[in-house]
Amino acid sequence: MYRLLIADDEALEREGLEHLIHRMLPDIFQIAFADNGRRAIEQAEEFRPHIIMMDINMPGIQGLQAIREIKSRLPDTKFILVTAYDFFAYAKEAVSLGVKEYIVKPAGREQISSILNQLIEELEREKSKRTEELHLRDRVSQLQPLVENELSLLLMVDQVLDADEEKLSDWLAFPLDEGCAVVVAFPKQIYSLDKKKLYETFRSFAKTYGISCIVSSLIDLHMAIFIRKDTGDALWKQSIKPFGEKLCRLAERQFQATITVGIGSLQSGADGWRKSYFEAVFASDVDRHAGEVRDFEEVVRGTGLHAAASAGEADPASPAEHSDPGDQRSYVISALQRIREQREQQTINVMDKAKQYIGLHFTEELSLEETAEHVHLNPHYFSKVFKQQAGATFIDYLTGLRIEKAKQLISSADELALKEVCFEVGYKDPNYFSRVFKRVTGLTPTEYRSQAK
């Protein structure tokens with residue numbers, strides 16, 4: 001039901017319009033009245049009408065003045081100007097206020113009905129448009145974390161480069177001009193926590209902190225936050241450390257976990273941001289620096305490294321014995337290279353573990369999410385890296401194992417029924433199994449059995 005305000009100083013006109021509208025358009029309008037311009041403004045604020053029928057000539061505040069006032073507060077309201085005076089000047093000023101409809105008293109029933117129906121259609125179109133826009137905004141808000149994660153992965157891992165960083169950064173309105181990476185390193189105890197809640201808590205905090213950033217998903221024990229430098233302040237980098245300290249307190253407060261936060265150097269471009277990420281990974285050594293916020297540039301200058309050495313925490317390869325800053329920098333660069341190599345090797349090891357798990361369970365109801373959970377990886381990241389390492393998608397790899405097993409069973413001397421073969425290799429629907437088998441081998445199971453004999 002739409003709300004209609006009739007503003008006219010003549011009671012008979014108000015009552016006549018109400019009677020006419022209820023007869024011609026029953027159950028369409030809830031109607032309110034105003035007998036002067038001031039009251040029309042007050043009623044508009046309280047009643048918030050969709051349509052206002054406004055008489056021009058009323059005592060006190062005139063109709064056009066009232067329209068101007070109401071329009072400033074309710075810009076979407078539709079107006080019908082009603083007057084006993086057919087003056088062009090009135091119509092011209094009304095048009096400048098956005099009033100499209102103009103009725104000269106006494107107006108006929110058909111004219112009033114036609115105008116109201118026209119405005120109802122206009123309101124319906126606008127409502128439909130708003131609904132579509134809200135739906136689109138909702139879809140975009142759901143997609144944004146996925147796109148952020150995709151861009152983050154491109155900046156984190158060299159191998160996963162099947163998309164364009166620049167296109168994704170444009171879509172997110174997140175230029176890769178200048179900024180740094182922050183890595184949150186979690187202890188192993190998070191394996192027992194709700195990872196979705198963990199991710200959403202840290203992402204929400206970063207997004208409401210007042211920085212321009214994108215946030216990766218939780219990948220094993222790390223989460224990356226890429227922060228843009230959106231000010232010209234030379235001391236901008238110094239503001240990142242307090243942010244890291246608050247992340248540490250958040251982890252303690254919400255999850256009773258002690259994290260380490262690493263901060264990379266200020267860089268620009270996709271390669272620069274990737275370099276900053278590896279620097280942040282290097283700085284976020286959770287095993288030896290739990291609860292700390294460590295800036296890579298301080299580590300390079302020797303601050304973090306000498307502190308570690310004095311505490312007896314440095315490994316045999318640490319630069320504690322060096323006094324030359326150049327030697328320290330060389331150590332850090334070689335350490336970063338080792339991190340890259342270790343991460344690549346870890347990825348290969350994880351994929352081997354995933355393949356082993358699939359090999360043990362491919363005849364069961366097995367999902368990508370379950371396999372990713374088994375190797376402690378985010379499903380999206382696992383899917384991309386699995387394809388890169390295995391040369392096939394998870395589903396294609398799983399299907400290949402099942403069909404190979406099916407071929408063995410069909411060719412065996414035991415002569416299992418094809419329905420039994422279907423169930424043995426992990427399919428529940430024989431018809432679906434037959435279609436998949438033919439897609440992979442070019443033959444139906446029956447044709448394959450005939451050829452195998």
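What does Arg48 count as at 47% relative accessibility?

**View 1. Arg48 sits in a loop between a helix and a strand.** Arg48 counts as partly exposed at its 47% relative accessibility (buried means under 20% relative accessible area, exposed over 50% and partly exposed in between, using a 1.4 Å probe and protein chains only). You'll find Arg48 in the loop between α2 and β3. Look at its backbone too: phi is about 45 degrees, a positive value, although Arg48 is not a glycine. The model is predicted, so local features need pLDDT of at least 70 and side-chain atom pairs count only at pLDDT 80 or more, while totals for chains, interfaces and linings use all residues. Residues are numbered from 1 along each chain as its sequence is written, and side-chain values use heavy atoms, leaving out hydrogens and water.

**View 2. Gln256 is another residue with a positive phi that isn't a glycine.** The phi of Gln256 is near 50 degrees. Gln256 is in the loop between α8 (240-255) and β9. With a relative accessible area of 54%, Gln256 is exposed.

**View 3. Step back, and the whole chain comes into view.** There are 18 helices and 10 strands in the chain (these are DSSP runs numbered from the N terminus: H or I of at least four residues for helices, E of at least two for strands). The chain has 453 residues, and 45% of them count as buried. Now think about contacts (heavy atoms within 4.5 Å). Take those in the chain between residues at least 6 apart in sequence: 65% of them join residues at least 24 apart.

**View 4. Five strands make an open sheet with parallel pairing.** Read across this sheet, and the order is β2-β1-β3-β4-β5 (two strands pair if DSSP finds at least two bridges between them). At the edges stand β2 (29-34) and β5 (101-104), each with a single partner strand, so one side of each has no neighbour in the sheet. Neighbouring strands here are turned by 20 degrees against each other on average, with direction ignored. Zoom in on β1 (residues 2-7): six bridges link it to β2 in the parallel sense. One spot to look for is Leu5, which stands opposite Ala32 in β2.

**View 5. Helices α2 and α3 lie against that sheet.** Helix α2 (residues 37-47) lies across β1, β2 and β3 (51-55), and runs at about 145 degrees to β2 (axes are lines fitted to C-alpha atoms, for helices over the stretch in contact, and angles run from 0 to 180 degrees between N-to-C directions). Helix α3 packs on the sheet as well, touching β3 and β4 (78-83), and its direction makes about 155 degrees with that of β3.

**View 6. Helix α3 has a buried face.** In α3 (residues 63-73), the buried residues are Gly63, Leu64, Ala66, Ile67 and Ile70. Look down the axis of α3 and these buried residues fall within an arc of 155 degrees, so they line one face of the helix (the arc is that of the directions from the helix axis to the C-beta atoms). An α-helix has 3.6 residues a turn, so residues three or four places apart point the same way.

**View 7. A second open sheet has five strands and mixed pairing.** This time the order is β7-β8-β6-β9-β10. The edge strands, β7 (213-215) and β10 (293-295), each pair on one side only. From one strand to the next, the twist averages 20 degrees. Strand β9 (residues 260-263) runs parallel to β10, with three bridges joining them. In that pairing, Gly262 stands opposite Arg294 in β10.

View 8. His374 lies in helix α13. With a relative accessible area of 31%, His374 is partly exposed. His374 and Lys353 are 21 residues apart in sequence, and their C-alpha atoms are 8.9 Å apart in space.
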